[in-house]
Amino acid sequence: MKKHEMMQVVKQRPLTHNVYELTLKGELVRFMNEPGQFVHIRVENQYLPLLRRPISIAEINQHANEFKMIYRAEGAGTKLLASKQSGEAVDVLGPLGHGFPTDVLESGKTAVLVGGGIGVPPLYELSKRLMAKGIKVVHVLGFQSAADVFYEEEFNELGDTHIATVDGTLGTKGFVTDVIDRLQLPYDTMFSCGPTPMLRALEANYSDKPLYISLEERMGCGIGACFACVCRQAEESNAYKKICSDGPVFQAGEVLL
Ligand code: FES
């Protein structure tokens with residue numbers, strides 16, 4: 001199975017002051033079948049070591065052989081990635097990891113998708129797939145501030161979308177949990193991706209229904225080599241799972257957060 005390719009940049013566009021959407025084209029797209037998987041990107045110049053960075057897949061377009069990823073340009077590598085223009089090539093390994101299960105819900109059911117910051121992107125492909133199956137999708141997306149919000153319109157086209165910002169400059173002031181509590185939504189399954197404190201809060205409050213969480217924020221090398229992503233399975237146990245290869249998506253309770 002093909003896992004590595006120099007993919008072509010189709011488009012690069014800024015979504016906020018430091019978040020970018022990159023569209024790449026190539027044969028690897030044929031192997032992208034699960035929302036929530038990620039790719040491992042290598043960018044290099046004479047000053048950067050050969051490091052790869054894991055970035056989640058935001059949208060898959062099999063017909064055009066293209067996929068989109070949304071990433072925050074914060075270190076030297078991702079800043080260099082943000083400078084790539086159409087026609088240039090990017091070194092991509094993937095798709096990697098296990099994504100969100102979409103077969104756990106039938107048509108007519110309701111899914112709540114909860115995203116925080118740069119954890120929001122993989123929920124977009126997930127939402128499209130759930131909607132295509134006739135599942136009602138509701139999105140609850142949390143950001144620091146209005147200036148950090150992206151993809152509000154895109155999510156709105158798929159289903160009801162509620163925004164929370166920590167400083168209250170857009171939507172509900174506070175956290176995603178404030179929105180969920182206020183809405184009192186009847187739903188069947190919750191899917192989430194975002195910072196660990198947010199996932200912990202979801203696990204503590206909403207585990208009475210099926211809850212799937214993506215721990216992509218806690219990944220390092222992304223390919224099973226660095227052990228930075230290891231999670232224990234239970235308090236008194238030495239058994240562990242690797243987020244990059246066993247996850248990044250787990251059912252709530254499968255690993256200790
Ligand atoms: Fe390095 Fe999983 S991220 S081993």
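Arginine 72 is placed in strand S5, where strands (E, at least two residues) and helices (H or I, at least four residues) are DSSP runs numbered from the N terminus. The structure is a predicted model, in which local features need pLDDT of at least 70, side-chain atom pairs count only at pLDDT 80 or more, and totals for chains, interfaces and linings use all residues. Residues are numbered from 1 along each chain as its sequence is written.

With 16 C-beta neighbours inside 10 Å, arginine 72 counts as partly exposed. A residue is called buried if 20 or more other C-beta atoms lie within 10 Å of its own, exposed if 12 or fewer, and partly exposed in between, with C-beta atoms placed from the backbone. Leaving aside residues up to four places away in sequence, arginine 72 touches Asn18, Val19, Thr78 and Ile118; two residues are in contact if their C-beta atoms, placed from the backbone, lie within 7 Å. Isoleucine 70 also lies in strand S5. Isoleucine 70 has 22 C-beta neighbours inside 10 Å and therefore counts as buried. Its contacts, again without residues up to four places away in sequence, are Leu15, Val19, Glu21, Ala58 and Pro121.

Strand S5 (residues 66-72) is joined to S2 by seven bridges, and the two strands run antiparallel. Two strands pair if DSSP finds at least two bridges between them. Within this pairing, leucine 24 stands opposite phenylalanine 67 in S5. Strand S2 (residues 19-25) is mostly covered, with five of its seven residues buried. S2 is also joined to strand S1 (residues 4-14), by six bridges and in antiparallel fashion. S1 and S2 form a hairpin with four residues between them. Across from S2, arginine 13 stands opposite glutamate 21, and glutamine 8 stands opposite lysine 25.

These pairings belong to a barrel, which six strands close in the order S1-S2-S5-S4-S3-S6 with antiparallel pairing. The twist averages 45° from one strand to the next, with axes taken as lines fitted to C-alpha atoms (for helices over the stretch in contact) and angles running from 0 to 180 degrees between N-to-C directions.

In helix H5 (residues 196-206), the buried residues are Met198, Leu199, Ala201 and Leu202. Seen down the axis of H5, these residues fall within an arc of 160°, so they line one face of the helix; the arc is that of the directions from the helix axis to the C-beta atoms. The face turned away from the buried side of H5 carries the exposed residues Pro197, Arg200 and Ala204. The buried residues of H5 pack against strands S7 (110-116), S8 (136-143), S11 (189-193) and S12 (211-214), and against helix H4 (176-183).

The chain contains six helices and 15 strands. Its radius of gyration is 18 Å, close to the 18 Å that the globule rule gives for 257 residues, so the chain is as compact as a globular protein of that length. The radius is taken over C-alpha atoms, and the globule rule is 2.2 Å times the number of residues to the power 0.38. Buried residues make up 41% of the 257 residues.
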